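User: I'd like to learn how to read a few features of a structure like this one. Could you walk me through it?

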Amino acid sequence: MSIPRQFQGYSTEHFFDKMFSGNGELRARSHYEKIYQRLDRLTETEISERRQQADSSFLEHGITFTVYGDEGGTERIFPFDLIPRVIPESEWNVVENGLRQRIIALNLFLNDIYHDRKIIKDKIIPEEIINSSKNYRPEMVGFDPPQEVYAHICGTDLIRDDQGNYLVLEDNARCPSGASYLLENREIMKRAFPQTFGGMSVRPVEAYPDLLLRTLEYLSPRKSQKPVCVLLTPGVYNSAYFEHTFLARQMGIEIVEGKDLIAIDSCIYMRTTRGLVQVDVIYRRLDDDFLDPMVFREESMLGVAGLMDAYLKGNVALANAVGTGVADDKVTYAYVPDMIKYYLNQEPILSNVPTYLCWRDTDRAHVLENLENLVVKAANESGGYGMLIGNQSTLKERDEFARLIEAHPREYIAQPIISLSRHPTFCQEGIEGRHVDLRPFILYGEDVEIVPGGLTRVALKKGSLVVNSSQGGGSKDTWVLREF
Amino acid sequence: MLSRVADNLYWMSRYIERADGMARMIQVHQSQALEYAQNDQQLEEFWQPVLQSICAESVHPSEIGVRKIGKTLLFDESFSNSILSCISLARENARMVRDQLSEELWLELNNIYLFFRNGDALDLYNQGSDLLLDRITRFSLVFQGLADATIPHGEGWRFLSLGKYLERADQTSRMLDTLNLRLKEPSRADLMSVLRCCIALSAFRQQFRGHLSLQNVASFLLFSEDFPRSIRFCIRAIDYSLHAISGVPTGTFSNEAEKLTGSTLAMVNFTDWNQVQAKGLHQTLDELQTTLIEIGQRVFETYVLLPSEIKSLGERTSAQLAQAQQQQ
Amino acid sequence: MQLYVFHRTSYRYPGPVTESYNELRLHPLSNVWQKCLSSTLSILPICRTQSYLDLNGNIVHHFELPEEHQKLVIEARSLVETSQRVDFNNFPYGVNLCSLSKMEVVPEYRDYLQSSSYVEINPKVWRMAVDLQGETKDVFQTAYQVMEFIYQNFEYCKSTTTVDTHANEVLDIRRGVCQDFAHAALALCRCLGIPARYVSGYFFDSTRDRRMRGAEASHAWIEVMVQGHGWFGLDPTNNRVVDDTYVILGTGRDYRDVAPITGSYYGPRPHQFDVTVRVKRSDTC
């Protein structure tokens, strides 16, 4: 087959490309064959029409996110790319297994550090790492969360290196967002390319809201009746507010703000026009800090005074549990492979990105000497904030980070700059390769459930490695193919 | 349903009704001004009572220029009752309760919002203000139609009705009040304008065979039994919605809002023009507006606040109440 | 077929217990019929497990909890690729029962022809076995008849038998669950000289109305040796020849050899004991 017009001039360069194998000559991988052919038949106008359709569909439906730091919190759509990312089933199975193994280990770890701390006694993880973690919550020590699960919803970010190996970049075990885009992207792709979609037997993702609801209901402390579950949102100005309403509506549960809830006699009630209704399970999309002004941040207007008391007395369940942030601290991250070996007696199926911990003297010396070849990250930030990409930074920025690292070594880690895999993406000048990652969503209720695929995020800026929505990233639909 | 959700639905509905009333008010008065006001001085005199009746004290014709009043009432976000403000606030309320709305309803509201935000509304205004004003009134009709046709007629929908009729009664009373605020006797054109603002012209003609007088216009807008914008009709609808929400039969009451509405309904049911004249039309309308504000307040207390919060009407709550009042 | 199995067992004790020592046989085997792609075991309270292979070739994990605890949760998650293993149009008929006398001397099969903890070879069972064998001379046919006999004449009902119920009692009361049915089948087969072993595992209920018994539980069935053809699985609880919907955890002489969880501790009996088993197909959805 000759190279389609759209791909004339396309180059994989030295990166691992999802669609093409080999260097120089473009050869589509077999699972991309149909998409490649479809793209070949599309005219320029058809492409731009479909893009417009998709964009306006997002805007009209109000599928937007809010950018912090922008004046007045402007709403933007999360840019959507029409070329789907395809994962063959055999490849996905490995990822799924690896994620399951990882979430189990992370939950055992959380249970351990809030109970007997065997992993510390056995000198696998140093105690000061845990105690100094910003998201460690001493209130949780000795407490058994409902069903002994801590991180019920986890979004783990995966990347592929230049060899095509999947690596875990980070675990988001607090309030990961993006599941609504996963669902909406799929709807839009089905409308934009019905035939191609239909011809490829893509595994469906629409079960996510049902699975999420089952995960929540499983936690209810009152078994005698149908659990009352609610989604607690920080409110309409939160960047992920659309997602909160979307998920609440899909699950058929109430979306509440802190002011809708009230604690009376260590139980949580929501205020309705018919009076107070007791709440069993709270899917909170609010960080620990803001949950309860009586225990955490006093000035928080978003939370519910008395919530922690009700939680610790076992009268209400929270998903995720309080204190899961220790597990997605980027310093703890470095120890996840050790946790898997320690708790499960197994080798990790998915590897970590090699990580230097600045609080270790030897690591720090190495980091400070090689800043221009490393990515430096703040241990407790997410969303691509507080980050230095060595080879794209100025001397001034590097000096600034060096100073920060010396001052707060515990707060920084560094990783080699991985040449992230790329994926063909519609850009201003036609189709070009852009760096992508993958965020699958893991649900842990009675058992671990992972909808096939996840949210593929793409760095739309040429050469950029940052895929976060707040930093100019976009998304793609992710197709896990069924194999017969 | 969540108290906050009820509150949001109520306000969303009110703001849309308000935008609708504003649009018609601007349209009618702009066209009247074309015929009757020759110079800036006259224009200012013409607009003054209108602005006063809609509480637009912050809009000063001398500062913005009398010929820009319409544009200000449409687009000025610093004026909290401008159409753009109303639509933004309606959408903001809707955004908080999106899960309660049908997709169609949300799309309609979001589209008009985006239409204002991306500058298309201003373009249309520059082509001809009537084009834009028509579009707004049509939007409100479509919105209310969709609300009736696509939302279950349960509790949430009752709160939508409640907001709509409270706002409508308020609008009608304010339009009627412009007649009092004019320095001279209302002219035939003034009376016509008021009827037009309330889309009441043809209904009025059917009833009074074209006999246009202050007495007839005021009686019609106050007491008409079946005209959907008359104050009596609106208060009856409020009474009905309140009882549908509480489940208590009409004629009795279970909360302050119902009690106040019931007595107001009795008042409009058993009052005639002579009594209005004795008290003075302005005085009557003023009292009515105060009562409407109070009904809104009582609804808020009954369904949104907890009993304990009303009892301890401390600093914080009263600040909240002031805030709620301000929006009206 | 790719099957995913989730098996959770939780014990809650009315008071603190100590020195708990447990053995788990929850790791699926890899053999010619199935390949265990992954198996993860997690235990609360946190403890470390070690493993060994027992005499029957089963994978055993064991752990100790010396400190005080009031609950114990054991979760096993496994992913297994199973193969068809049996051709339903071509069962291994044609092996005569006479050939069985040769098997008695093969050490590999000797254990599966004798009495064991739950199974006794005695005249009463032998008479029952001979009656239902009738005129049949074929090994597979006979074993199949044993399975059919139990399926048709025994009542499947929970809580009439216990984990300790002996095959003799089962044959007597003709009631029980899969473990009992398997023991009864073992006794009958062994009396007739057919080498038969106990299999512990799970199966995936692929029927449309989910009418199979024991699908949401830890399951058991038997395997019989047909000379020249190898081991064949028969499930007397569901009257089925074992195919790719079955996952094998381990095999042995009877329940004692392959009990999924065994253990001992100091302290009161658990007042709450919950088992959850879920088997899903993971290759299609």
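User: How much area do chain C and chain A bury between them?

Analyst: First, some housekeeping: this is a predicted model, where local features need pLDDT of at least 70 and side-chain atom pairs count only at pLDDT 80 or more, while totals for chains, interfaces and linings use all residues. Residues are numbered from 1 along each chain as its sequence is written, chains are lettered from A and ligands numbered from 1 in the order written, and side-chain values use heavy atoms, leaving out hydrogens and water. Now the general idea: the size of an interface is often given as the accessible area lost when the parts come together. Here buried area is what two parts lose on being put together, with a 1.4 Å probe, summed over both. For chain C and chain A that comes to about 2,400 Å², with 42% of it on carbon and sulfur atoms. Chain C brings 30 residues to the contact and chain A brings 29, where contact means heavy atoms within 4.5 Å.

User: How many salt bridges are there between chain C and chain A?

Analyst: A salt bridge is a side-chain nitrogen of Lys or Arg within 4 Å of a carboxyl oxygen of Asp or Glu. By that rule there are 7 between chain C and chain A. One of them joins Arg278(C) to Glu446(A), at 2.6 Å from N to O.

User: Which strand gives the largest share of the side of chain C that touches chain A?

Analyst: Strands here are DSSP runs of E, at least two residues long, and helices are runs of H or I with at least four residues; both are numbered from the N terminus. β1, β2, β5 and β14 (272–281) of chain C each supply at least two residues to that side. The largest share, 7 residues, comes from β2(C).

User: Which sense does β5(C) take when it pairs with β1(C)?

Analyst: Strands pair if DSSP finds at least two bridges between them. β1(C), residues 2–24, pairs with β5(C) in the antiparallel sense over 12 bridges, and Leu3(C) stands opposite Val80(C). β2(C), residues 34–44, also runs antiparallel to β5(C), joined by 10 bridges; there Ser38(C) has Leu79(C) as its bridge partner.

User: What does Arg14(B) form with Glu167(B)?

Analyst: A salt bridge, with the closest N and O atoms 2.9 Å apart.

User: Last one: is Thr332(A) buried or exposed?

Analyst: Thr332(A) is buried, with a relative accessible area of 0%. This residue sits in helix α13 (residues 330–333) of chain A. Leaving aside neighbours within four places in sequence, Thr332(A) is in contact with Phe109(A), Val326(A), Ala327(A) and Met339(A).

Terms used:
Buried means under 20% relative accessible area, exposed over 50%, partly exposed in between (1.4 Å probe, protein chains only).
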